[in-house]
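Welcome, and thanks for taking a look. Below is a short tour of charged pairs, a surface patch and model confidence.

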Amino acid sequence: MNYQDAINHLSTKKADIELSIGLIKQGNEFISRQSTPLLEAIDLAISVLDKQIQKAVVTTPDKHRYGYCPVCGKIYWDKCHVGNYCDACGQALQP
């Protein structure tokens, strides 16, 4: 299973859980409060996995060896970074 497969699986399971909660709770505030942390954890897992999928650096028009992170916009220069990750947001970047 790769990162994208895991994201798709978690997204499907989250939708199933939300549907189940909607059918069960019907005014039951306890169920609603108990399910919120689980749904938040799934959202967090999806966002963390998404950051592991490498994205291309947005290059500058003059084609220098630097560019910008496609997620947060921070300047990225391959000679100043350890690994292929954005220092600001942690997004995996293509080498």
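How many salt bridges does the count come to? By the rule used here (a side-chain nitrogen of Lys or Arg within 4 Å of a carboxyl oxygen of Asp or Glu), the count comes to four.

## Model and confidence

This is a predicted model, where local features need pLDDT of at least 70, side-chain atom pairs count only at pLDDT 80 or more, and totals for chains, interfaces and linings use all residues. Residues are numbered from 1 along each chain as its sequence is written, and side-chain values use heavy atoms, leaving out hydrogens and water.

The protein has a mean pLDDT (the predictor's confidence in each residue, from 0 to 100) of 81, with 78% of its residues at 70 or more.

## A network around Lys14

Salt bridges link Lys14, Glu18 and Asp43 in a network. Between Lys14 and Glu18, the closest N and O atoms are 3.8 Å apart; with Asp43, the Lys14 side chain makes a salt bridge at 2.6 Å, N to O. Lys14 lies in helix α1 and Asp43 in helix α2 (residues 29–52), so this pair ties together parts 29 residues apart in sequence. Helices here are DSSP runs of H or I, at least four residues, and strands are runs of E, at least two, numbered from the N terminus.

Lys14 counts as buried because its relative accessibility is 16%, whereas Glu18 is partly exposed at 39%. Buried means under 20% relative accessible area, exposed over 50%, and partly exposed in between (1.4 Å probe, protein chains only).

## A further pair

Lys74 and Asp87 also form a salt bridge, their closest N and O atoms being 3.9 Å apart.
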